[in-house]
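User: I am new to this structure and would like to understand what the terms used for it rest on. Could you take me through them with care?

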Amino acid sequence: MNAFLGKPTSPWDSVAEQMLAAVAIKIELPPSMHALLAERKAAIEKHLERDGSPLKGKVRLFYQQGSVAIGATIRAKFRFEGFDIDIIVELTTPGMTPWQALELLYEAMRGERGSRYYDMTERQTRCVTIHYADGMHLDLSPAEMIDEFDPRRSYIYHSKPEEPRSRDRKVLTNSFGFAEEYNATCPVDLSFQQEYARRALRADQGLIAMQKDADSLPVPAHSSVVGGKSAVTAALQLLKRNRNIRWATRDGRMPASVMYSCLTLEVAEAGRTIGQNLRIIVQHILDRLSQAKSVGQLIHVENPRCPGDVFTDRWPEDHAAQDTLIADMRLFLNQLDILLDDRRSLRERRDVLKSMFGESIGEEVMDELERDYGEAIRTGKHAFGATGGIAMSPAIAKAKPAVKPSTFYGSTWPRR
C-alpha cells in the first residue's frame, strides 16, 4: 500500500496551490469518465472473447498499463481530444511473430463489416487503437508472458506496417510491475487526498456506477476514492500537461509519460505541496538530462522492477530532442517561480498559468477563482499574506468575510 509519511504542509490556503490543484482536477480523468472507461473495457473484453472471435480462448488477462494504472491519466493535447488509455492484452499464443500478433488483435477487435468496432479500430506500430466519438482512445497492446514464475514480465510487439518485416521485434516490458512499484512507494498525504477528492467530485457530478468483470483486473480507483490521489501524482499530471502543450506543434515523438513517472518516483516524498513537488521533480529531470548531455549521451531510464525494460527506447531520438526538453524544464522552473511568488500580481500569475497549461484551462481556473473570491479579485483590492492567501481591504472584508485558513492538516498526523 502507499506510504503515509511525514506531516504535510497545507496547500489550500495558497492561491498558487489552489490554481495548480484546479488545473490538475480539470485535466485528469473525472469520476464519470472513469466509470465509462470501466464499462468500455468490459465491453471490449467480451467482444474479443465472443463466439467466432479469432482470440476466443486465447486471452489470459486484460490489465491497465501506463498512466491509468497509477492514477495519472490526463486529457490529450487539448481538452476536446479526450483521454488515451493503455490496456495490455496478454495472449496465450507463443511463437507468434510481432506482425502476426498485432494483425490477430486488429482483426479480432475490428470484427466483421457492420460490427460496432469496425470503423473505430486502427492498427498502430505496437498497439491497436479504438477511437470513440467523445474523444477517448483505448490502446490495446498484445503481449506474451515470458515466464510463468515471473508474472507480467512480458514481450510486447513492434511491427510498423510500412517497414520490412526484418525490422519487426519483441520488446521487453513489465508495465504491471512498474505500476505496482509506483502505487506501493508513491507517498500519499491523507489530508491532501481527502480534500482533493472532495474538489474532484464537486467538479464532476456525472458519476455513474463502475462495472467490473470477473475475468479481468478492475480499473484502479479514481482519486475520489480513499487511497488514491497524492500531491506527487497531481504534480506529475501537471508536468505531463505542460509537455503536451509544448510538444503539440513540434515534429517527432514527445517524451514518454512512463519516463516522467519513473523520474518522479525517484524523488517522491510525503509532506510537499503540488508546487513543491513540481519544483523538485522538474529539477531532478533537468539534472538527469543535463548529466547525460555533459558526457555526450542520451538519457537512459529503466523500469526499476524489470532491468532491460527501457523507458527511453523511443525518446529521445537524438540530442536535439533532448536539448529541447532541457530548455522546456528550465522554462518551467522559471515560470513556476513566478506562479508561486506571492509578490506577483494575479494578472502575472494568470498569464503564466495559461502559458504553462493552456489558454482555456487557465481562463477557467481564473474565472472560478474570481467567483470564489469575488469583489477582492475583481477590484484588485487585495494583497497576499505569508502563505499566499488573499487578504482583502477592510472595506471589502466588511462586505464579504475573509476566507479562513484550511484546517484539513490540523495539528496531529499519523506517523510511521
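User: What makes the largest nonpolar core a core, and which residues have the most contacts inside it?

Analyst: A nonpolar core is a set of buried Ala, Val, Leu, Ile, Met, Phe, Trp, Tyr and Cys residues joined through side-chain atoms within 4.5 Å, where buried means under 20% relative accessible area, exposed over 50% and partly exposed in between, with a 1.4 Å probe and protein chains only. The largest such set here has 65 residues, and those with the most contacts inside it are Met19, Leu238, Leu239, Met259, Ile274, Leu278 and Met329. Helix α1, residues 15–27, gives the most to this core, with 10 residues. Apart from it lies another core, of 28 residues, among them Ile85, Tyr117, Leu138 and Leu140.

This is a predicted model, in which local features need pLDDT of at least 70 and side-chain atom pairs count only at pLDDT 80 or more, while totals for chains, interfaces and linings use all residues. Residues are numbered from 1 along each chain as its sequence is written, and side-chain values use heavy atoms, with hydrogens and water left out.

User: What does Leu239 touch, leaving aside its neighbours within four places in sequence?

Analyst: Contact means heavy atoms within 4.5 Å, and on that basis Leu239 is in contact with Tyr260, Leu278, Ile281, Val282, Ile285, Met329 and Phe332.

User: Why are α1 and α7 described by a word for their angle?

Analyst: Axes are lines fitted to C-alpha atoms, for helices over the stretch in contact, and angles run from 0 to 180 degrees between N-to-C directions. Angles under 35 degrees count as roughly parallel, over 145 as roughly antiparallel, 65 to 115 as roughly perpendicular and the rest as oblique. Helix α1 and helix α7 (residues 231–247) pack at about 75 degrees with their axes 9 Å apart, and they are therefore roughly perpendicular to each other. In this packing, Leu20, Val23, Ala24 and Ile27 of α1 meet Ala234, Gln237, Leu238 and Arg241 of α7.

User: How do you know whether Lys26 is buried or exposed, and what does its side chain meet?

Analyst: Lys26, which has its place in helix α1, has a relative accessible area of 12% and is therefore buried. A polar contact is a pair of N or O atoms within 3.5 Å; within protein, one must be able to donate a hydrogen and the other to accept it, and residues adjacent in sequence count only if both atoms are side-chain atoms. The side chain of Lys26 makes such a contact with the side chain of Glu364 at 3.3 Å, and another with the side chain of Glu368 at 2.6 Å.

Notes
Helix = DSSP H or I, 4+ residues; strand = E, 2+ residues; numbered from the N terminus.
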